[in-house]
Amino acid sequence: MNATSATASAAVFLWLGMVLAISFLEAPLKFRAPGVTIPIGLGIGRLVFRALNLVEAVLAAVVVAAVAVGGPPAAVVAPTAVTVVLLAVQLGVIRPRLNRRSDRVLAGEELPRSRDHVYYVVFETAKVIALTVLGISLLTQ
């Protein structure tokens, strides 16, 4: 394994671990903690996901740069592209919709359930799969 593959692998598995820990562990559990109301949970979630998404963007840039420099095979390029596109849709389409909704909830509006969280979870699950495939592809190239 060369240095660019090692760098990309490390970034991918760090990214994967962060997504699993925050999206699939912290996010659902915070609303079960005693005393955590919907507004408090939303406030915490917004801060945590803003930080996660910033780190994800940095890790995506590291992965793309390392993959580009390494002259990788298609087995690495395809999952890299899929992962970056999934993140871009989350950040550019889904998160702004969730933020607008949470602004309204925090302002005191009572809103019906939204499908945007479902879309986010679907994209997050797809991203976990893409990161896993990418990480394995990098380790086996």
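These notebook entries record what I looked up on salt bridges and a surface patch in a predicted model.

**Entry 1. Salt bridges overall**

I searched the whole structure for salt bridges, and the search returned six. I then examined several of them in turn.

**Entry 2. Lys-30 and Glu-26**

I looked up the partner of Lys-30 and found a salt bridge to Glu-26. The closest N and O atoms of this pair are 3.6 Å apart, which is a salt bridge because the cut-off is 4 Å. I placed both residues in helix α1, which covers residues 3-30. They are four residues apart, about one turn of the helix. Is Lys-30 buried or exposed? Lys-30 has a relative accessible area of 10% and is buried. For Glu-26 I noted a relative accessible area of 23%, so Glu-26 is classed as partly exposed.

**Entry 3. Asp-103 and Arg-46**

I next turned to Asp-103, which forms a salt bridge with Arg-46. Here the closest N and O atoms are 2.6 Å apart. This pair links distant parts of the chain, 57 residues apart. I found Asp-103 in helix α3 (residues 74-106) and Arg-46 in helix α2 (residues 38-70). Asp-103 has a relative accessible area of 40% and is partly exposed. Arg-46, at 18% relative accessibility, counts as buried, because the limit for that class is under 20%.

Which residue does Lys-127 pair with, and at what N to O distance? I recorded a salt bridge with Glu-56, with the closest N and O atoms 2.4 Å apart. Lys-127 belongs to helix α4 (residues 116-140) and Glu-56 to helix α2, so the bridge ties together parts that are 71 residues apart in sequence. I checked the accessibility of each partner. Lys-127 is buried at a relative accessible area of 0%, and Glu-56 is buried at 1%. I also noted that the bridge is part of a network of salt bridges in which Glu-56, Glu-124 and Lys-127 are linked.

**Entry 4. A nonpolar surface patch**

Finally, I looked for nonpolar residues on the surface. Which residues make up the patch? I listed Met-1, Phe-13 and Leu-139, which together have about 320 Å² of accessible area. I located Phe-13 in helix α1, the helix that also holds Lys-30 and Glu-26. Phe-13 is partly exposed, with a relative accessible area of 34%.

Notes. Residues numbered from 1 in each chain as written. Predicted model: local features only at pLDDT ≥ 70, side-chain atom pairs only at ≥ 80, totals over all residues. Heavy atoms only, no water. Salt bridge = Lys/Arg side-chain N within 4 Å of Asp/Glu carboxyl O. Helix = DSSP H or I, 4+ residues; strand = E, 2+ residues; numbered from the N terminus. Buried < 20%, exposed > 50% of the residue type's maximum accessible area, 1.4 Å probe, protein only. Patch = residues over 30% accessible without salt bridge, like charges linked within 9 Å, V, L, I, M, F, W, Y side chains within 5 Å. Areas by Shrake-Rupley, 256 points an atom, 1.4 Å probe, with all protein chains shown as cover.
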